Amino acid sequence: MGGKWKALILWALHFDTLRFGELRRTVPGISERMLTLSLREMESTGLVHREMYYEVPPKVEYSLTEFGHSLVEAMTPLGEWGESNLDRIEAVTGGGNT
């Protein structure tokens, strides 16, 4: 679960099933390649489910597995801690510009 993008992808999928383009818009700043690589890795570890619809044009949707939802639940307190300590974190890191 390393890297800065995977947590953001998991958080986006926590709320809804998304297509690739929707997911890319939901995670600002992520490149198409990084999104593809992250999704493939999370799919291989069982966090994300990829559903392919064989139609014209082809449609692919991504959603969290039960395992993925359990990880988001485990990460939620850490996110809440970060939000409640944001001022202190930014002061130490120089305003988040590191």
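The legends below accompany several views of a predicted model of the protein.

**View 1. The fold of the whole chain.** The protein contains five helices and three strands, and, read from the N terminus, these elements follow the order α-β-α-α-β-β-α-α. The C-alpha trace spans about 50 × 25 × 20 Å along its principal axes.

**View 2. The three-stranded sheet.** The strands form an open, antiparallel sheet in the order β1-β3-β2. Strands β1 (18-19) and β2 (48-53) are the edge strands, each of them pairing on one side only.

**View 3. The pairing of β2 with β3.** Strand β3, comprising residues 59-64, runs antiparallel to β2 and is joined to β2 by six bridges. Within this pairing, methionine 52 stands opposite valine 60, the latter belonging to β3. Helix α1, which covers residues 5-15, packs on the sheet and touches β1, β2 and β3, while the direction of the helix makes about 95 degrees with that of β3.

**View 4. Surface, burial and charge.** Of the 98 residues in the protein, 24% count as buried, and the protein exposes about 6900 Å², of which carbon and sulfur atoms supply 54%. The charged side chains comprise 10 positive and 14 negative ones, and the centres of these two sets lie 9 Å apart.

Key. Residues are numbered from 1 along each chain as its sequence is written. This is a predicted model: local features need pLDDT of at least 70, side-chain atom pairs count only at pLDDT 80 or more; totals for chains, interfaces and linings use all residues. Side-chain values use heavy atoms; hydrogens and water are left out. Helices (H or I, at least four residues) and strands (E, at least two) are DSSP runs, numbered from the N terminus. Buried means under 20% relative accessible area, exposed over 50%, partly exposed in between (1.4 Å probe, protein chains only). Accessible areas come from the Shrake-Rupley method with a 1.4 Å probe; for residues, only the protein chains shown count as cover. Lys and Arg count as positive and Asp and Glu as negative; His and the chain ends are not counted. The place of a charge is taken as NZ of Lys, CZ of Arg, CG of Asp or CD of Glu. Two strands pair if DSSP finds at least two bridges between them. Contact means heavy atoms within 4.5 Å. Axes are lines fitted to C-alpha atoms, for helices over the stretch in contact, and angles run from 0 to 180 degrees between N-to-C directions.
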